[in-house]
Amino acid sequence: MSTRKASEGQEPVIESRDQLVAPMQAGEKPREKWRIGTEHEKLVFKTADFHAPSYDEEGGIHDILMSMRQFGWEPVKERGPDGTVNTIAMSGSDGTISLEPAGQLELSGAPLETLHQTCAETGRHLDQCKQVGEACGVGFLGLGMWPDKAREDLPIMPKQRYEIMRNHMPRVGNLGLDMMLRTCTIQVNLDYSSEADMAKKFRTGLALQPLATALFANSPFTEGKPNGFLSYRSHIWSDTDPHRTGMLPFVFDDDFGYERYVDYMLDVPMYFVYRDGTYIHAAGQSFRDFLKGELPALPGEKPTASDWEDHLSTAFPEVRLKSFLEMRGADGGPWNRICALPALWVGLLYNDAALDAAWDLVKGWTMEEREHLRNAVPAQALDAPLPRGGTLRDLARHVLDIAHDGLVARGRQNSMGDNESGFLAPLKEIVESGKVPAQRLLDKYHGEWGGDISRVYEEAF
C-alpha cells in the first residue's frame with residue numbers, strides 16, 4: 001500500500017514561504033535536460049455491448065490493469081473508501097498507467113528527450129492496450145467525452161481521492177461530475193530553465209491554449225446526440241469550479257512568477273490531506289489555515305512539503321505549474337494526435353526564436369479578449385473570431401509555421417538528424433481542411449451513420 005514520509009511523521013513541516021516556492025524552483029533545468037512528458041486518457045468499453053466496465057467485473061478495469069503485468073508493469077495499491085486494498089495503477093519504465101474516476105485509462109508517460117521517443121512510447125502503450133483488450137473483451141476509444149453515456153451509466157473507481165472530489169463537485173459547479181466521469185484529455189508536461197523562462201512559457205501557453213482546444217476538439221456528442229459544441233469537454237471546465245479553473249489573468253501581469261502562483265494556490269480551496277494511507281476529507285478548507293495549524297480537518301497540525309505538492313495537483317487551470325508546466329487544453333484522440341500535441345508545444349516553447357515569435361502573435365491581446373476567445377472555442381473551434389479580426393484558423397496557420405520552424409531548429413541544435421516536424425502533419429491537415437475532428441464525427445453522424453451513435457465505436461483503436 002502506498003504511503004509517504006509525511007504519513008510516518010518523518011518529513012519536516014513547512015515553516016517558511018521559501019518552502020512553498022521550492023517545488024517550482026526545483027523544476028529549473030538547463031536546456032540539455034529539458035524533457036517531454038505526455039499524458040493521455042482513453043475511454044474503455046466492453047466490445048459485446050459497449051457498456052463501460054466496472055472495476056471488479058470479469059474482464060473489467062482490475063483485470064485490465066493486472067493483465068498489464070505481462071509487459072513488465074507492477075501494481076500500485078491503495079486502501080479504498082471501504083477499507084479494501086485495491087490496485088489503482090501500474091508502474092513501469094514507460095511511466096504510470098492510472099485510473100480516472102469512471103475507469104478512463106491514462107498513461108502518464110516517462111520524461112523523454114525527443115518526440116520520436118514519446119511517440120514510440122505511445123505506440124507501445126496502445127499496442128499493449130490492444131492485446132489486453134482482446135483478452136478482456138474491451139476496446140478503447142480516443143474521444144474527449146463519452147458520446148453516449150449518462151453519469152448514471154458509469155462505474156466509480158475505488159479511489160479515496162475521487163470519492164472526496166465527487167462529493168464536493170456539485171457544491172461548486174454544475175458540470176464537475178461530468179468532468180470527472182465523462183471526459184478524456186491529452187496533456188503535455190514541459191520544463192523551463194528559470195523563473196523568467198517559466199513565466200514566458202506560461203503566458204504563451206495560456207494565451208494559445210484555446211488554439212490547442214480548437215485543433216483537438218473531439219467531443220461533439222452527449223448521451224447519443226450532438227450537443228451543440230465541438231469540444232464539450234472544454235465547455236465543461238467553464239462550470240466545474242471557478243476557484244481552481246480558468247485563464248488566470250495574473251499570469252499576464254509584469255510581476256508574475258513563482259510567488260504569484262503560490263498566492264494563487266493558497267487561495268485554491270483544499271480537497272484532502274493524506275495521512276497513513278488515508279485521504280482525510282478537507283474539501284473547501286484553506287491551506288492558509290493549514291499553515292497556521294488551524295485546519296479543521298487536522299487541528300494543531302501543520303503541512304509538510306508532500307501536503308503542498310498534493311495541493312498543487314488539485315488546481316485545474318488551462319496551464320498548470322508544479323515543478324514543470326502542464327498544457328491542459330486538448331481533447332482525447334487517436335495515436336497520431338497524441339503525438340501531435342507535444343510536437344505543437346515543443347516546437348513553440350523549446351526554441352527561443354519560436355517562443356518569441358509565438359508570444360509576439362498574442363501579447364497585445366487584452367484579458368477580456370483572451371477570455372472571449374477561450375469561451376468561443378468550445379462551440380466554434382477554428383471558426384472562433386480573433387480579437388483583432390480574422391478567425392482562429394488564420395492564427396493556426398502562423399502558429400503551426402512557427403512550431404515547424406522551432407522543431408527544425410531544435411533538430412539542428414541537438415544533432416538529432418531526422419527532425420521532429422513531421423509529427424505536426426495531422427494538425428496541418430486539420431487547418432488546411434478547416435475541419436476539426438469533432439466536425440468530421442458530426443459529418444459521419446449525419447451521413448453514413450444515419451444518426452446511429454453506436455457507430456462511433458468503429459473509431460476505437
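Colleague: Is Thr-118 buried or exposed?
Modeller: The relative accessible area decides: under 20% is buried, over 50% is exposed, and values in between are partly exposed (1.4 Å probe, protein chains only). Thr-118 has a relative accessible area of 1%, and therefore it is buried. This is a predicted model, in which local features need pLDDT of at least 70 and side-chain atom pairs count only at pLDDT 80 or more, while totals for chains, interfaces and linings use all residues. Residues are numbered from 1 along each chain as its sequence is written, and side-chain values use heavy atoms, with hydrogens and water left out.

Colleague: Where does Thr-118 lie, and with which residues is Thr-118 in contact?
Modeller: Thr-118 belongs to helix H3, residues 115-136; helices (H or I, at least four residues) and strands (E, at least two) are DSSP runs numbered from the N terminus. Apart from neighbours within four places in sequence, Thr-118 has contacts (heavy atoms within 4.5 Å) with Thr-38, Leu-112 and Pro-342. The side chains of Thr-118 and Thr-38 also form a polar contact at 3.0 Å, that is, a donor and an acceptor among N or O atoms within 3.5 Å, where residues adjacent in sequence count only if both atoms are side-chain atoms.

Colleague: Which residues have a positive phi without being glycine?
Modeller: Phe-50 has a phi of about 70 degrees, and Glu-223 has one near 50 degrees. Phe-50 sits in the loop between strand S1 (36-46) and helix H2 (61-67), whereas Glu-223 sits in the loop between strand S8 (221-222) and strand S9 (225-226). With relative accessible area of 27%, Phe-50 is partly exposed; Glu-223, at 46%, is also partly exposed.

Colleague: What does Phe-50 touch?
Modeller: Residues up to four places away in sequence set aside, Phe-50 touches Phe-45, Lys-149, Ser-454 and Tyr-457. Phe-50 and Val-85 are 35 residues apart in sequence, and their C-alpha atoms are 28 Å apart in space.

Colleague: How many cavities does the structure hold?
Modeller: A cavity is a set of points on a 1 Å grid over the protein atoms alone where a 1.4 Å probe fits but cannot get out, and its lining residues have an atom within 4 Å of a point. Points join across faces, edges and corners, and the volume is the space filled by probe spheres set on them. The structure has 2 cavities of 30 Å³ or more.

Colleague: Which elements supply the lining of the largest cavity?
Modeller: Strand S11 (272-275), helix H9 (287-291) and helix H10 (305-312) each give at least two residues, and H10 gives the most, with 3. Among the lining residues are Met-270, Phe-290, Asp-310 and Thr-314. The second largest cavity is lined by Trp-237, Phe-316, Pro-317, Glu-318 and Arg-328.

Colleague: What is the mean pLDDT of the protein?
Modeller: pLDDT is the predictor's confidence in each residue, from 0 to 100. Its mean here is 95, and 97% of the residues reach 70 or more. Residues 1-8, however, have pLDDT below 50, and this stretch has 22 contacts in the model beyond near neighbours in sequence. Where pLDDT is low, the predicted coordinates should not be read in detail.

Key:
On a 1 Å grid over the protein atoms alone, a cavity is a set of points where a 1.4 Å probe fits but cannot get out, and a pocket is an open set with protein on both sides within 12 Å along at least five of seven lines; lining residues have an atom within 4 Å of a point.
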